[in-house]
Amino acid sequence: AGNCKQEMLQKKKNAVLVDGVILNGPIMDSKAGEKFVEEACKIIMEEVIQKADDVTEKVCEWRAPETLKQILDLEMRDTGESHQKLLQLCRDVIQYSVKTSHPRFFNQLYAGIDYYSLAARFITEALNPSVYTYEVSPVFLLVEEAVIKKMIEFIGWEEGDGIFNPGGSVSNMYAMNLARYRFCPEIKEKGLSGLPRLVLFTSEECHYSMKKAASFLGIGTENVYFIKADERGKMIPEELEKQVQRARKEGSTPFLVCATAGTTVLGAFDPLDKIADICEKHGLWLHVDVS
């Protein structure tokens, strides 16, 4: 411990200071940091992983918001906290969170623990990579390419490309932007001012992010035409045809149809083949929102 402290002091002496800020050299005690990570991982192992399938545990140790604020003590301070207090915070976070791996936790979107994915997450978080170029992230860039290649094979394509997005809302927004760019590539330089009134079509059972994407991209929510669905929640192709013709008569410019494969409420799949025929007939981009 004495040698470590002496080594830290020597490194700090050699550090470059500007206005009291260390520009090089360690800003914290690495040995103490390693010890903290070791103890925190032990807590995660004992309180999360080993108890993942324990039915005697509660799904959630529920507390009212004001009570939980007091327990966690989330005030932001200028000074740091001791390791023991931070480790206790780790325990509290685990104790009062919803245990999504509990056998009695039921959710339509997510649940469970995948031990191998968890180990991979530990590695990626520890390495903290950014997949900009091969030079800065050789392994993860190749992993990304391999996963995209497999996804393309699942679709049935021989070649293609893709990106990973942080969720459905951003995915639908990117798709809408892609469709608009294909319709009028000059938008990148000229912006919205030179465009006609663009309209898009989607099911009345679609995800809320369709309207949000139209708002963010400057298309406008009034230019999202919602197509009637049948009793099972599936878009009616004949209604789509009527709405496309109506838009053209109004002087609007249709450019996109957003179909859904698995709606949020009913889990309905729109009739993609019939919708694709209509898109081909009118020269519209077809995007399928899939979950």
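Author: At a relative accessibility of 59%, lysine 281 counts as exposed, whereas glutamate 241 is buried at 14%. Here buried means under 20% relative accessible area, exposed means over 50%, and partly exposed covers what lies in between (1.4 Å probe, protein chains only). The model is a predicted one, in which local features need pLDDT of at least 70, side-chain atom pairs count only at pLDDT 80 or more, and totals for chains, interfaces and linings use all residues. Residues are numbered from 1 along each chain as its sequence is written, and side-chain values use heavy atoms, with hydrogens and water left out.

The side chains of lysine 281 and glutamate 241 meet in a salt bridge, at 3.3 Å from N to O. Because lysine 281 lies in helix 11 (residues 272–282) and glutamate 241 in helix 10 (residues 237–249), the pair ties together parts that are 40 residues apart in sequence. A salt bridge is a side-chain nitrogen of Lys or Arg within 4 Å of a carboxyl oxygen of Asp or Glu. Helices (H or I, at least four residues) and strands (E, at least two) are DSSP runs numbered from the N terminus.

The whole structure holds 14 salt bridges. In one of them, glutamate 153 pairs with lysine 149, and their closest N and O atoms are 2.8 Å apart. These two residues stand 4 residues apart in helix 6, so about one helical turn separates them. Lysine 149 is exposed at 52%, while glutamate 153 is partly exposed at 37%. Another salt bridge links lysine 51 and glutamate 47, at 2.8 Å from N to O. Both ends are partly exposed: lysine 51 has a relative accessible area of 27%, and glutamate 47 has one of 31%.

The surface also carries a nonpolar patch of about 610 Å², made by Val139, Val143, Val147, Met151, Phe154 and Phe164. Patches are made of residues with over 30% relative accessible area and no salt bridge, like charges being joined within 9 Å and nonpolar side chains (Val, Leu, Ile, Met, Phe, Trp, Tyr) within 5 Å. The areas come from the Shrake-Rupley method with a 1.4 Å probe, and for residues only the protein chains shown count as cover. Phenylalanine 164 sits in the loop between helix 6 (138–155) and helix 7 (168–183), and it is partly exposed at 48%.

Helix 6, helix 7 and strand 6 (285–290) each supply at least two residues to the lining of the largest pocket. Helix 7 gives the largest share, 7 residues. Of the 36 lining residues, Asn165, Ser171, His287, Val288 and Val290 lie nearest the centre of the pocket. The lining divides into 17 nonpolar, 16 polar and 3 charged residues. The pocket contains about 1600 Å³ of space. On a 1 Å grid over the protein atoms alone, a pocket is an open set of points with protein on both sides within 12 Å along at least five of seven lines, and lining residues have an atom within 4 Å of a point.

Terms used: 1 Å grid on protein atoms, 1.4 Å probe; cavity = no way out; pocket = protein on both sides within 12 Å on 5 of 7 lines; lining within 4 Å. Points joined across faces, edges and corners; volume = space filled by probe spheres on them. Nonpolar A, V, L, I, M, F, W, Y, C, P; charged D, E, K, R; others polar.
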